[in-house]
Amino acid sequence: MDQYRIPCVIMRAGTSKGIFLKENDLPAPGPERDAMILQIFGSPDKRQINGLAGADPLTSKLAVIGPSKQPGCDVDYTFAQVSITDAVVDWNGNCGNISSGVAPFAIDESIVKCHEGLNEVTIWQVNTQKVMKSYVLVEDGKAKVTGDVAIAGVPGTGALIQMDMSGTAGAATGKLLPTGNPVDVIETSRGPIEASIVDCANPVIFVRAEAVGMKGTEDQIEIDGNKELLKYLEEIRGIACVKCGMAKDLADATKNSPAFPMVAFITEAQDYYYPPEKKTIRKDEVDLVSRLMFMQVLHKTYAGTATVCTGVAAKIPGTIVNQVIGKENPEELVRIGHPAGVINCYSEVTPDLTVKKAAIERTARRLMEGYALLEKSKDPRRK
């Protein structure tokens, strides 16, 4: 046989879908591992036709899982965003949605011990060197799948998974406010623009929708079809990436850190329409409206890590998120209106900027388990 096989699982976790692999089935981190992953995913190719990924940034994601080497943790989890168009595996951040599938995967694969009922799983997030906690229901020795929890962007309902990311402040930069300021003025090709750079779970650059010439309620066609807007938002992202110390210059930011930080343009709570489901998201259902850019296009829903970061930013006096909400002391629950509906974050930040709570609710489901078949002639381990 001229192919070899790697055990894998495909999971839907939150509003993303990813390929889950065990750490000991892969080469050590480096070029050989990246080459194998690119072949599994079918990248680079805009259709990913010769691999397992789904030709969309939200389905071209990887989780590498193993028993934890860190004291007090149950699972080590490494995330990668696999480029569709380039031979790039981006290890620079985390995905909150994919994170929600880590504990169920680890339980089902017997990587961690579990008991019937609610289990707490402590996850060491390798990319960010931070700790997350996941709370998962177990039934008959496996992670429970069915339940009555609905999340916007996923049909049907599932069992509740709670993710607490309060331990992820300064995930990429070491600081909740990487520049030390709740608001910075960024000099762009269109002139100065105010931005808040906040780093919790993943760094996000927040700007007002009006400052980039948008209403903040646009749909995917309006945003992804506006090439000048995409170029400008990537410029803002690149400048902030350099300010955070995550890139040398704008070209380096786009090439080597295309996924993180993310850019969100936000505006006050208001009604807006969601065409695919022919429904209106009402002003009284949200605390603010946001559109999130991910991999240089509009995120179809809202990233889990960005949800955490937005909820935390709302509690930091003076940030643009805090200004938009318009409350000096917002409620613990922050409701974010995104293109497909509403996502909630439960957050608490002390006056000295200690993050005490940063929690989201997700669901996950194992979709396929088996083997990825790879060409022996392209096995990077063969000399």
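Me: Which residues lie nearest the centre of the largest cavity?
Reply: This is a predicted model, in which local features need pLDDT of at least 70 and side-chain atom pairs count only at pLDDT 80 or more, while totals for chains, interfaces and linings use all residues. Residues are numbered from 1 along each chain as its sequence is written, and side-chain values use heavy atoms, without hydrogens and water. A cavity is a set of points, on a 1 Å grid over the protein atoms alone, where a 1.4 Å probe fits but cannot get out; lining residues have an atom within 4 Å of a point. The largest cavity is lined by 13 residues, and those nearest its centre are Leu233, Glu234, Arg237, Met293 and Gln296.

Me: Which element gives the largest share of the lining of the largest cavity?
Reply: Elements are DSSP runs numbered from the N terminus (helices H or I, at least four residues; strands E, at least two). At least two lining residues each come from α5, β13 (262-268) and β16 (288-294). The largest share, 4 residues, belongs to α5.

Me: How many residues of α5 are buried?
Reply: Buried means under 20% relative accessible area, exposed over 50%, and partly exposed in between (1.4 Å probe, protein chains only). Among the buried residues of α5 are Leu233, Glu234 and Arg237, which also lie nearest the centre of the largest cavity. Of the 17 residues in α5, the number buried is 12.

Me: How far apart are the end C-alpha atoms of helix α5?
Reply: The expected span is 1.5 Å times one less than the number of residues. Helix α5 (residues 227-243) has 17 residues, so it should span 24 Å. The model agrees, with its end C-alpha atoms apart by 24 Å.

Me: What is the volume of the largest pocket?
Reply: A pocket is an open set of grid points with protein on both sides within 12 Å along at least five of seven lines. Its lining has 17 residues, with Ser83, Thr85, Asp86, Met295 and Gln296 nearest the centre; β4 (75-82) and α6 (250-256) are the elements that give two or more residues. Volume is the space filled by probe spheres set on the points, which are joined across faces, edges and corners. For the largest pocket it is about 350 Å³.

Me: Is Arg33 buried or exposed?
Reply: Arg33 forms a salt bridge (a side-chain nitrogen of Lys or Arg within 4 Å of a carboxyl oxygen of Asp or Glu) with Glu23, at 2.8 Å. Glu23 is in the loop between β2 (16-22) and α1 and Arg33 in helix α1, so the pair ties together parts 10 residues apart in sequence. Glu23 is partly exposed at 27% relative accessibility. At 3%, Arg33 counts as buried.

Me: How many residues apart in sequence are the parts tied together by Asp287 and Arg335?
Reply: The closest N and O atoms of this salt bridge are 3.2 Å apart. Asp287 lies in the loop between β15 (279-281) and β16, and Arg335 in strand β18 (residues 333-338), so the parts tied together are separated in sequence by 48 residues.

Me: Which two residues does a cis peptide bond join?
Reply: The proline of the pair lies in the loop between α1 (31-41) and β3 (61-67). Omega is about 0° for the bond between Ser43 and Pro44.
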